[in-house]
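Here are some comments for a colleague who is starting to read protein models. Please keep the structure open while going through the points.

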Amino acid sequence: MPMRDMASDLSAVSLFTPGILTATPVAATADLSGFEAATIYFTTGPGGITFTGANRIDLSVQHSDDNATFVNVASTDLVGSPVVTAGVVQSYQALKAATTIDKFGYKGSKRYVQAVATFVGTHGAGTPVSMAVVPCFPLKAPVA
């Protein structure tokens, strides 16, 4: 009989303490050892400033074999990203009045993955941001 409890198959990793930010946070890394894929979540609240092309937040997903050298994930290794331009999967460049959750599936073969929210330009007032990775399809379940 198949297991119908998803909680036994998932283990979320917060990549940094959520907060109201004015600069690019230092994100932790998710180790995907023992999992076949992952889902990356970016939660971005209402903009503390009016975003423009010069003052924006760029979201990107990076991966690594050694947890030291990270490169941007190509669009072929992401699900749910309409276009990956120079590694950026989403860019907020206009007025943002509501909270959004951007979700991207990672199907690449690297062991380590991280999400990056790059604050470009001047951000005098903060924007609420959080990022998490949910490793998926465990090789052995249940997971902790």
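Predicted model: local features only at pLDDT ≥ 70, side-chain atom pairs only at ≥ 80, totals over all residues.

1. Residues are numbered from 1 along each chain as its sequence is written, and side-chain values use heavy atoms, with hydrogens and water left out.

2. The structure contains three salt bridges, a salt bridge being a side-chain nitrogen of Lys or Arg within 4 Å of a carboxyl oxygen of Asp or Glu.

3. Arginine 111 pairs with aspartate 31, and their closest N and O atoms are 2.8 Å apart. This pair links distant parts of the chain, 80 residues apart, since arginine 111 sits in the loop between strand E9 (100-106) and strand E10 (112-120) and aspartate 31 in strand E3 (residues 30-31); strands (E) are DSSP runs of at least two residues, numbered from the N terminus. Arginine 111, at 37% relative accessibility, is partly exposed, and so is aspartate 31, at 34%; here buried means under 20% relative accessible area, exposed over 50%, and partly exposed in between (1.4 Å probe, protein chains only).

4. Aspartate 65 forms a salt bridge with lysine 110, with 3.1 Å between the closest N and O atoms. Because aspartate 65 lies in the loop between strand E5 (56-64) and strand E6 (71-72), and lysine 110 in the loop between E9 and E10, the pair ties together parts that are 45 residues apart in sequence. Aspartate 65 is exposed at 54%, whereas lysine 110 is partly exposed at 26%.

5. Aspartate 58 and arginine 56 also meet through their side chains in a salt bridge, at 3.0 Å from N to O, and aspartate 58 is buried, with a relative accessible area of 9%.

Methods: Helix = DSSP H or I, 4+ residues; strand = E, 2+ residues; numbered from the N terminus.
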